[in-house]
Amino acid sequence: MEAYIAEWLHLGLRWLHVITAITWVGSSFYFNRIDRSFRPPVPPVDRVSGQLWSIHGGAIYNYSRYPVGPGYVPEKLKWSKWESLSTWVSGACLLAVVYWWGASINLVSGRPGGLDPVSAVFASITTIIAGWVIYDVLCRSIPSDKVLSAVIALFISVSIWAFTHIFSGKAAYLHAGIVMATIMAGNVWFVILPGQKKMLKAMQDGSIDKFDVGADAKRRNYHNNYLTLPVVFAMIAAHFPITYGNAYGWLGFILISGAGVAIRHFFNTMHAGNAQPRWIGAGAVLALAAMVLLAPRDLLSANGGAQAAAVDVGRVTSIIDMRCAACHAAKPTMEGFEEPPKGVVIDTIERAATHAQQIRQVAISTDVMPPANMTEMTDEERKLLADWIAAGAPTH
C-alpha cells in the first residue's frame, strides 16, 4: 500500500510540477521576448520608452513599456508571481516524495563511505538553502555583471561536481536543478517583487522620476532567463542514465547546460533585432562535446569475440539471482519494492536475455543499477555480464 500511495503522489506531484513549470517558463520567456522586442515609438509617446505591435490569433496587439509608469497607478495590474512559487513548492514536494522518502534507493550514492539516508537528506536540505544564500551574497557583493555571471557559472559548476560526490548521479543532477530553481524563485520573491512594490509606492507619492526602477531586479530577472533551460534539462535528465551514470556526468551537465544558455542567448539576440546565429553553433558544439564525453565505456569491445562456450552461464544465472531478482521479480524481496521497477522482470536468465541491452546500458556501460548498488554488484560481476552479452546472451 505504501508503494502504491507513493506512486500516486509521485505522479500527481510530477504532473502538477510540469503544469506550473510550463506557466512559469512560459511567462518568463514571453515577457523577456516582449522586453527585448520593444522599439522607440514613432511618433514619440509621453513616458513610453518602447512599443511593440504584434499579430496572433487573428488580432493585432499593441504593447507599450512605461519604465517610470504612465503617470498614475493602474487600478488593476497583472502580477506574474504565483507561477514561480507553485513551481518551486511542487518541485520541493516531488523532491521530498521521490528522494527524501526513498533516500535509500534514489538519494544515497551507495559508494563505500557514502552518506547514510538520514545524513543525505540533511545534506540535501542544507545545500539547497546554502545555494540561495551564496548566490544572493555574490549578487550583493559583485557590481560587474560580466564578472558576476562568470562567478555564478563557476559556482553552479562546482556545485554539480560536489553533488556527484555526495549523492547518486540522478540525485546530483536533480539537486543542481533545484538549487538553480530556488535561486530563480528567490529572485522573484525576495528581490523582483519587492522592487516592483517600491516602484508602485514611488508612483503613488510622486517620487517616481527620482526612483531607481530596480537595476538589481532587472539583473536578477536576467539571471532567471538564462537559468531556465539548465533547470529544464535537470528535470528531464533523470530519465537518461547515459548522462548522470557516467564518471564525467558532472562535466556533461555543465556542457549541456552551457548549450542551453547559448541557445537562450541566441533567441534573446533575435528578439532584440540583432540575431547572432553563432550562438546556435556554440550550443551545438557544446552538445556534441557532451555526446563524445559521455559515450559509454566500451567494455564489450575487448570481448567482442567471446564465444558462448567461454561464458559461465551458471555464474551469470547466480549474478542475476543475487543482484537483479531482489528488485526485478514478480514479487520483489528487496525492502521498499512491492512490484518490479518499471514492470521489468529479470528473475531468470531467459528473461535477462530479453533485456540484455537494457542491462548493458544501466549495469555495464553505466553503474546506475542496482540503485545505490543496494545488492552490492562487483566490477568483476559487471565484466562477466559484459562477456555474456557479447557472446549473445546465451541461456544454457
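I take buried to mean under 20% relative accessible area, exposed over 50%, and partly exposed in between, with a 1.4 Å probe and protein chains only. The model is predicted, so I note that local features need pLDDT of at least 70, that side-chain atom pairs count only at pLDDT 80 or more, and that totals for chains, interfaces and linings use all residues. Residues are numbered from 1 along each chain as its sequence is written, and side-chain values use heavy atoms, with hydrogens and water left out.

**Entry 1: Val73**

I looked up Val73 and found that it counts as partly exposed because its relative accessibility is 30%. Val73 sits in the loop between β2 (59-65) and α2 (82-100); helices (H or I, at least four residues) and strands (E, at least two) are DSSP runs, numbered from the N terminus. I then listed its contacts, where contact means heavy atoms within 4.5 Å. Leaving aside residues up to four places away in sequence, Val73 touches Leu200, Met203 and Gln204. I also noted Lys201, which is 128 residues from Val73 in sequence and 9.0 Å from it in space, C-alpha to C-alpha.

**Entry 2: Ile105**

Ile105 belongs to helix α3 (residues 103-107). I record Ile105 as buried because its relative accessibility is 16%. Not counting residues up to four places away in sequence, Ile105 touches Gly336, Phe337, Pro371, Ala372 and Met374. Between the C-alpha atoms of Ile105 and Lys170 I read 11 Å, for a separation of 65 residues along the chain.

**Entry 3: α11 and α14**

I fitted axes as lines to C-alpha atoms, for helices over the stretch in contact, with angles from 0 to 180 degrees between N-to-C directions. The axes of α11 (residues 313-324) and α14 (residues 379-390) come within 10 Å and cross at roughly 125 degrees. The two helices are therefore oblique to each other; angles under 35 degrees count as roughly parallel, over 145 as roughly antiparallel, 65 to 115 as roughly perpendicular and the rest as oblique. From α11, the residues Arg315, Val316, Ile319, Met322 and Arg323 meet Glu381, Leu384, Leu385 and Trp388 of α14. By class, this contact of α11 with α14 has six nonpolar, no polar and three charged residues; Ala, Val, Leu, Ile, Met, Phe, Trp, Tyr, Cys and Pro count as nonpolar, Asp, Glu, Lys and Arg as charged, and the others, Gly among them, as polar.

**Entry 4: backbone geometry**

I found a cis peptide bond between Val42 and Pro43, with omega about -5 degrees. Pro43 lies in the loop between α1 (2-37) and β1 (50-56). Another cis peptide bond joins Met369 and Pro370, where omega is about -5 degrees. Pro370 is in the loop between α13 (356-365) and α14.

Glu376 is not a glycine, yet has a positive phi of about 60 degrees. Glu376 is found in the loop between α13 and α14, and counts as exposed at 57% relative accessibility. Ala393, also not a glycine, has a positive phi of about 55 degrees. Ala393 is in the segment after α14 and counts as buried at 10% relative accessibility.

**Entry 5: aromatic rings**

Rings of Phe, Tyr and Trp (its six-membered ring) pair if their centres lie within 6.5 Å; planes under 30 degrees apart count as stacked, over 60 as edge-to-face and the rest as tilted. By this rule I count eleven aromatic pairs. Tyr173 and Phe253 form an edge-to-face pair, at 4.9 Å centre to centre and 70 degrees between the planes. Both Tyr173 and Phe253 are buried.
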